[in-house]
4 protein chains.
Amino acid sequence: MIKTVDAAMAAKVRDSFARQSLMATFGATLAEVAAGRVVIAAPILDLARQQHGFGHAGLTFTLGDTAAGYAALTLMPLPAEVLTVEMKINLVAPAAGDRLIATGRVVKAGRRLTVVTAEVEAETDGTRRTVALLQGTMLPVEP
Amino acid sequence: MIKTVDAAMAAKVRDSFARQSLMATFGATLAEVAAGRVVIAAPILDLARQQHGFGHAGLTFTLGDTAAGYAALTLMPLPAEVLTVEMKINLVAPAAGDRLIATGRVVKAGRRLTVVTAEVEAETDGTRRTVALLQGTMLPVEP
Amino acid sequence: MIKTVDAAMAAKVRDSFARQSLMATFGATLAEVAAGRVVIAAPILDLARQQHGFGHAGLTFTLGDTAAGYAALTLMPLPAEVLTVEMKINLVAPAAGDRLIATGRVVKAGRRLTVVTAEVEAETDGTRRTVALLQGTMLPVEP
Amino acid sequence: MIKTVDAAMAAKVRDSFARQSLMATFGATLAEVAAGRVVIAAPILDLARQQHGFGHAGLTFTLGDTAAGYAALTLMPLPAEVLTVEMKINLVAPAAGDRLIATGRVVKAGRRLTVVTAEVEAETDGTRRTVALLQGTMLPVEP
């Protein structure tokens with residue numbers, strides 16, 4: 001069961017996302033904003049590749065980390081901001097395909113720290129496969 | 001004591017680095033290539049920021065991961081290529097300043113896996129402070 | 001859908017588990033062995049506590065790491081053994097209650113490396129809550 | 001340059017260590033308590049082995065995590081206690097030898113969070129080699 005967020009939180013996430021220039025550089029868009037769950041999608045642009053032509057691990061990390069961060073933000077009392085404390089990524093397949101889809105989820109929302117995970121998938125002709133798994137910690141900060 | 005790499009390895013690293021479009025996007029340059037130690041420097045460009053105007057965690061991760069990967073590559077027998085298996089980053093300060101400097105180091109070079117660390121520093125007016133610490137695993141792959 | 005393992009693999013896991021003296025020290029038992037999924041249960045013994053009387057993070061880690069390792073082993077061709085390459089744990093609640101239950105799962109079984117996760121729960125009067133989340137990499141080794 | 005801690009902090013660390021029953025179970029002792037640096041040593045007891053007779057990854061983790069935690073505590077204002085938020089371990093060699101020596105260090109002591117690393121070495125006939133590297137986050141808590 002996915003719970004929606006209220007209008008103020010939805011606006012907060014979208015405004016914050018829009019201020020992240022790296023999201024625009026990567027052509028990333030917010031595909032979904034629910035309570036404790038945020039999805040970001042992005043193509044694999046020519047400007048974000050590694051030496052073999054696949055999407056760079058840094059691209060995959062960026063999308064997963066950002067989706068996880070905003071998932072955490074949706075459960076924080078406004079006016080919150082969120083910072084990544086630490087994040088771990090396991091890369092399980094090359095980032096190749098039509099686009100990457102990063103789904104961030106909250107595992108445990110705490111007063112001081114929020115534990116999150118993210119999965120990044122590559123989509124090709126409508127079929128998805130897992131590219132990376134992330135697990136980390138988000139910190140609420142005063143805006 | 002820093003050991004130099006031979007000409008073939010130095011060329012290998014520089015060629016591979018040049019094929020990573022994301023390095024060019026971020027304005028990153030190879031500042032040093034030694035045996036088990038690689039340094040990458042990059043400005044904090046307007047295209048790589050997070051919502052508060054600091055360098056995005058994805059930028060910091062990308063530089064640290066790439067420096068660590070090439071540090072691992074310098075100790076692998078040619079013609080090797082290297083892939084990130086997993087990487088963990090602890091972010092300890094905002095990525096703000098004139099430029100970021102990522103230093104990757106090999107902790108343990110194995111036949112099957114290489115354990116690496118990286119430190120990313122922000123330099124302002126010639127003074128550096130630590131922005132992030134990374135620890136991860138690199139895998140040699142057939143080219 | 002949980003798939004069973006064949007008799008040879010079930011015996012392999014149980015024999016290997018029985019040789020781990022630390023499992024006996026912690027009073028741990030194999031509660032379930034399925035394909036890509038292994039569950040280990042253990043009480044929180046007086047000999048495994050931290051300074052506040054809760055189960056030590058080392059106990060929680062040990063159970064999660066071992067469950068994840070055996071989950072990986074179930075998908076490897078016999079006669080395999082498995083070693084932990086790296087493991088990351090996020091601790092989300094104190095290890096308190098009647099017993100701990102660690103569920104290891106395979107995310108991606110590869111020829112060279114297997115990516116795993118584990119969840120450790122504390123059970124009190126039949127109710128469970130998450131204590132820790134682990135994510136890591138397992139390596140098949142020749143026995 | 002290693003800075004000593006004052007008598008109150010030294011007593012705090014030693015009292016807390018003595019309350020951790022798992023340290024006694026593993027035969028671990030506090031070998032050094034300095035500002036931002038704590039060393040713990042332990043034999044590899046028969047009760048703490050994995051399936052091949054080496055020290056269990058859970059033993060190595062426990063020693064490294066505990067050394068890192070107390071290193072963090074030495075830089076916190078009394079009366080603090082410390083909890084592990086998250087910890088990542090890379091295992092680079094089997095835990096074999098006369099004893100294990102875990103050295104925890106503070107990378108960045110913050111008001112809200114402290115970033116730590118630890119190295120665990122195995123000592124055989126006076127010679128040491130690295131067994132594992134840890135990197136994690138510690139949280140100060142009210143006692």
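Which residue of strand 3 of chain B stands opposite A:N90? The first view below gives the reply.

The model is predicted; local features need pLDDT of at least 70, side-chain atom pairs count only at pLDDT 80 or more, and totals for chains, interfaces and linings use all residues. Residues are numbered from 1 along each chain as its sequence is written, while chains are lettered from A and ligands numbered from 1 in the order in which they are written.

**View 1. Strand 3 of chain A pairs with strand 3 of chain B.** The two strands run antiparallel and share five bridges; strands count as paired if DSSP finds at least two bridges between them. B:E86 is the residue opposite A:N90. Strand 3 of chain B covers residues 81-91. Helices (H or I, at least four residues) and strands (E, at least two) are DSSP runs, numbered from the N terminus.

**View 2. The side of chain A that touches chain B.** Contacts involve 27 residues of chain A and 27 residues of chain B, a contact being two residues whose C-beta atoms, placed from the backbone, lie within 7 Å. Two or more residues each come from helix 1 (7-19), helix 2 (21-25), helix 3 (57-73) and strand 3 (81-91) of chain A. Strand 3 of chain A supplies the largest share, eight residues. By class, this side of chain A has ten nonpolar, eleven polar and six charged residues. Ala, Val, Leu, Ile, Met, Phe, Trp, Tyr, Cys and Pro count as nonpolar, Asp, Glu, Lys and Arg as charged, and the others, Gly among them, as polar.

**View 3. The contact between chain D and chain A.** Each chain contributes to this contact, with five residues from chain D and five residues from chain A. On the side of chain D, strand 3 (residues 81-91) gives the most, three residues. That side has two nonpolar, one polar and two charged residues.

**View 4. Strands 4 and 5 of chain D run antiparallel.** Ten bridges join strand 4 (residues 99-109) to strand 5 (residues 114-124) of chain D. D:V106 has D:V116, in strand 5 of chain D, as its bridge partner.
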